[in-house]
Amino acid sequence: MVRVKLWGSLRSLADDHEWVEVEASTFKDVLDQLILKHPSLEPQIKRGVSIALDGVIYRDAWFNKVRDENELVLMPYMVGG
């Protein structure tokens, strides 16, 4: 099981859980499983999210591999400049 930390406003969409565990081997699997466990996350995930894997932030990296020992943080997509 991969442990995912929900950052900021995403927690309120998952019954205020800070951490969620899912069975996944890629970023896409993580997102699909999160939607199954917490359907209220789906609109935000569809709008765009970023995943930090061991401190490196990724966007649109659907097939990056994840392992149980990785630190994953899901956050709303951030834009900046």
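Read along the sequence, the protein chain of this predicted model runs β-β-α-α-β-β-β. That pattern is made up of two helices and five strands. The radius of gyration is 11 Å, close to the 12 Å that the globule rule gives for 81 residues, so the chain is as compact as a globular protein of that length. The C-alpha trace spans about 35 × 25 × 20 Å along its principal axes.

Among contacts with a separation of 6 or more, 51% join residues 24 or more positions apart. Of the 81 residues in the protein chain, 40% are buried.

The surface can be described by its area and its atoms. The accessible surface of the protein chain is about 4900 Å², and carbon and sulfur atoms hold 51% of that area. As for charge, the protein chain carries 10 positive and 13 negative side chains. The centres of these two sets lie 4 Å apart.

Met1 sits in the segment before strand E1 (2-6). Beyond its neighbours within four places in sequence, Met1 is in contact with Glu21, Val22, Glu23 and Asp68. Leu41 is 40 residues from Met1 along the chain, and the C-alpha atoms of these two residues are separated by 19 Å.

Conventions:
Residues are numbered from 1 along each chain as its sequence is written. This is a predicted model: local features need pLDDT of at least 70, side-chain atom pairs count only at pLDDT 80 or more; totals for chains, interfaces and linings use all residues. Side-chain values use heavy atoms; hydrogens and water are left out. Helices (H or I, at least four residues) and strands (E, at least two) are DSSP runs, numbered from the N terminus. The radius of gyration is taken over C-alpha atoms; the globule rule is 2.2 Å times the number of residues to the power 0.38. Buried means under 20% relative accessible area, exposed over 50%, partly exposed in between (1.4 Å probe, protein chains only). Contact means heavy atoms within 4.5 Å. Accessible areas come from the Shrake-Rupley method with a 1.4 Å probe; for residues, only the protein chains shown count as cover. Lys and Arg count as positive and Asp and Glu as negative; His and the chain ends are not counted. The place of a charge is taken as NZ of Lys, CZ of Arg, CG of Asp or CD of Glu.
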